[in-house]
Amino acid sequence: MKFLKRAGFIFMLVSFLVAPVKAAETTKISAGYHDYESFTKSIKQIAAKNKRITKLESIGKTLKGRDIWMLQISGVKGPKPEEKQALLICGNLEGDHLVGSEVALGIAEFLVSQYGKEKKVTQMLDKRTFYIVPRLNPDGAEFFFKKVLNEHSGNLKPRDEDYDWLLDEDGPEDLNGDGMITLMRVKDKEGEWIIDKKDPRLMKKKEAEIPDTERYKIYPEGIDNDGDDLFNEDGPGGFNINRNFLHNFGYKPKGLGVYAASERETRALIDFTSKYIPRLKTQPHRNICGMLVFSKYDNLAAGSGIECGTPTFPEPPRVERAAAPTMMFFRMGRRGMPATPQARPRDPQPKSTDSKDKYLFDTVSKKYKEITGIKSALSEKPAGSLLEWGYFQLGVPTFSANLWSLREEAPKKPPAKMERGAQTKPAQTKPAQTGAAQGRQTRTMDRSAMMQQFMSARSRTTRTDSSSSDEKWLNWIDKKNKGIGFVKWTKFNHKQLGEVEIGGFQPYLRINPPADQIQALSKSHAEFALYLASQFSEIEMGKPEVKKMSSNLFELKIKVHNRGKFPYMTAMGQRTRNISSIMVRLKFDDDKKMKLFGGSKRYDLSSLEPGAEREYKWVIISPPGKKIDITLQARNGGGTTKKQVVLK
Ligand SMILES: [Ca+2]
Ligand SMILES: [Ca+2]
Ligand SMILES: [Ca+2]
Ligand SMILES: [Ca+2]
């Protein structure tokens with residue numbers, strides 16, 4: 001509190017000194033959201049008050065020493081929590097996506113409060129385990145509660161974003177003292193932007209020949225601290241955790257010190273799902289049969305299935321052309337081989353939903369819309385996300401909801417069509433389509449192609465849609481948010497750029513809804529999580545049948561059913577072989593006197609569709625009265641079942 005008061009005082013002071021643009025309205029965007037301290041307190045409280053059914057665990061620590069909390073919720077009845085099938089719920093992979101973390105926490109609260117009260121919840125928790133990691137990126141999340149708001153999707157690991165060997169040397173500055181980092185537009189005859197005539201708040205790329213006097217350049221708000229002519233190109237830390245997973249990460253390291261699973265947060269989650277614990281002689285969390293992710297990607301309301309984006313990322317500046325003749329020399333020198341360009345190796349990773357799994361995604365998506373009432377959403381294509389890793393590599397059905405986008409005004413075209421790759425092209429090559437979105441602000445810093453490429457990659461971390469989405473956000477701000485959300489362009493005298501105007505969308509506004517929506521979102525998504533958990537495959541063994549064929553010859557028959565709604569193993573799971581097969585095994589009580597007449601004592605079944613059954617038949621030579629133990633193992637389909645028969 002003390003800090004807040006002091007921060008408030010400094011804020012007022014600064015505001016007073018620089019004559020701010022409406023400061024009061026900006027301080028509230030994080031109101032009702034949990035900062036790390038209050039979040040930790042809340043999750044600890046939930047665990048302490050519900051000891052019977054919860055377990056709170058820190059699955060890792062961030063660079064700043066913050067815990068990554070995982071709350072396990074599982075009812076008192078039924079098998080042990082790690083033997084029940086589990087749903088993993090994970091939020092706040094992107095530092096600025098706070099709503100995911102609040103909704104995940106809300107789901108935890110809902111489940112514990114309804115256990116023992118509401119039949120549906122009680123039954124489901126007695127049958128299933130929920131692993132909830134509401135805040136995977138707590139360092140990044142803290143930016144939301146800072147005095148000056150600046151959207152930050154990464155964590156806090158210092159990173160050299162512009163390859164100049166300096167770390168975090170040029171962050172943004174709140175020049176007009178309104179408590180927000182927005183944009184600066186400045187008249188520049190080489191600029192690529194013009195003011196949109198339809199709505200002068202928006203900027204759009206110039207289309208035809210435009211008089212020099214109408215051209216603008218756009219920069220993020222701040223000064224060039226290191227004098228390299230780039231403005232705010234390397235701010236405080238970090239890589240986006242939701243781009244750091246092992247699938248579709250691309251084949252190169254991405255910037256200095258960044259490679260697949262390079263971040264602590266990413267590793268913490270991967271370890272949690274997959275680590276082998278010698279003491280337990282198993283991977284205890286391989287009981288995860290599905291994932292529900294809250295992130296900026298959406299495959300529930302914005303479409304269904306998963307289509308990977310292009311894992312592009314800025315590369316270090318290329319060496320100048322001078323090197324070319326040498327290369328030519330080497331190529332020509334190879335025993336008269338023609339200097340044909342080599343084809344790039346094909347990426348062997350699957351990039352889209354297996355056609356056999358499509359119905360599963362379609363069904364769940366349909367149900368999601370029904371349960372939550374959210375009928376549409378905006379989403380880019382993912383690259384290196386948890387969504388992709390969960391499905392393409394772990395092989396479990398994985399879903400992501402972004403929880404907040406322009407719902408009613410969503411585009412007619414499915415958002416999957418939105419070309420992410422296009423956004424990574426240098427700004428000049430892309431025809432005018434974009435407005436003043438903060439996300440794209442940096443793409444126009446055309447001081448060098450490298451930075452442009454870098455910044456366009458960075459811009460993807462915030463919402464980047466078509467220009468029409470900017471218009472729609474303005475419409476939403478004007479009609480539904482009392483006009484709050486866009487900082488009016490106002491003149492400012494910049495010490496390096498001369499006269500500029502500062503303005504643009506308020507940070508975080510297009511990522512997180514007002515806090516009063518969280519409760520309803522939590523409830524509907526808790527319902528959805530319960531639904532999802534109820535769909536998992538349930539592999540059961542029917543009653544064994546023994547038939548006496550002659551005095552020493554018996555026939556044993558069993559049927560294995562999938563009584564769940566999901567298949568045992570997605571088609572992708574069969575492809576990755578990351579999920580154990582269903583195994584049927586016989587054990588004779590007297591191997592000397594009992595023999596199988598053909599066949600095998602063990603059968604492995606890689607998949608079983610919902611509603612399907614599979615019959616197994618054995619002929620056994622044995623004296624009467626002997627026993628056989630039948631074991632059915634389905635790690636992801638309800639665990640182990642044992643039955644015994646007597647041959648008679
Ligand atoms: Ca740097
Ligand atoms: Ca500002
Ligand atoms: Ca700079
Ligand atoms: Ca700066």
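**Exercise 1.** Find which residues of helix α4 (residues 119–127) are buried, and work out why they lie on the same side of α4.

*Solution.* Keep in mind that you are looking at a predicted model.
- Step 1: Count neighbours, where buried means 20 or more other C-beta atoms within 10 Å. In α4, Val121, Met124 and Leu125 are buried.
- Step 2: Look down the axis. These residues cover an arc of only 95°, which puts them on the same side of α4.
- Step 3: Recall the helix repeat: with 3.6 residues a turn, residues three or four places apart point the same way.
- Step 4: Look for the packing partners. The buried residues of α4 pack against β2 (67–74), α3, β4 (128–133) and α14.

**Exercise 2.** Describe how helix α3 (residues 98–114) meets helix α14 (residues 518–534).

*Solution.* 
- Step 1: Take the geometry. The axes of α3 and α14 come within 8 Å and cross at roughly 65°, and the crossing is right-handed.
- Step 2: Pick out the contacts. Among them are Val99, Ile107 and Phe110 on α3, with Leu521, His525 and Ala529 on α14.
- Step 3: Sort the contact by class: nine residues are nonpolar, four polar and two charged.

**Exercise 3.** Work out the strand order of the open four-stranded sheet that contains β16.

*Solution.* 
- Step 1: Start at the edges. β18 (602–605) and β21 (639–646) each pair on one side only.
- Step 2: Follow the pairing. Strand β16 (residues 582–588) joins β18 in the antiparallel sense over four bridges; in one pairing, Met583 has Asp604 of β18 as its bridge partner.
- Step 3: Write the order, β18-β16-β20-β21, with antiparallel pairing.

Terms used
Residues are numbered from 1 along each chain as its sequence is written. Chains are lettered from A and ligands numbered from 1 in the order in which they are written. This is a predicted model: local features need pLDDT of at least 70, side-chain atom pairs count only at pLDDT 80 or more; totals for chains, interfaces and linings use all residues. Axes are lines fitted to C-alpha atoms, for helices over the stretch in contact, and angles run from 0 to 180 degrees between N-to-C directions. Helices (H or I, at least four residues) and strands (E, at least two) are DSSP runs, numbered from the N terminus. A crossing is left-handed if the near helix is turned anticlockwise from the far one by less than a right angle, and right-handed if clockwise. Two residues are in contact if their C-beta atoms, placed from the backbone, lie within 7 Å. Ala, Val, Leu, Ile, Met, Phe, Trp, Tyr, Cys and Pro count as nonpolar, Asp, Glu, Lys and Arg as charged, and the others, Gly among them, as polar. Two strands pair if DSSP finds at least two bridges between them. A residue is buried if 20 or more other C-beta atoms lie within 10 Å of its own, exposed if 12 or fewer, and partly exposed in between; C-beta atoms are placed from the backbone. The arc is that of the directions from the helix axis to the C-beta atoms.
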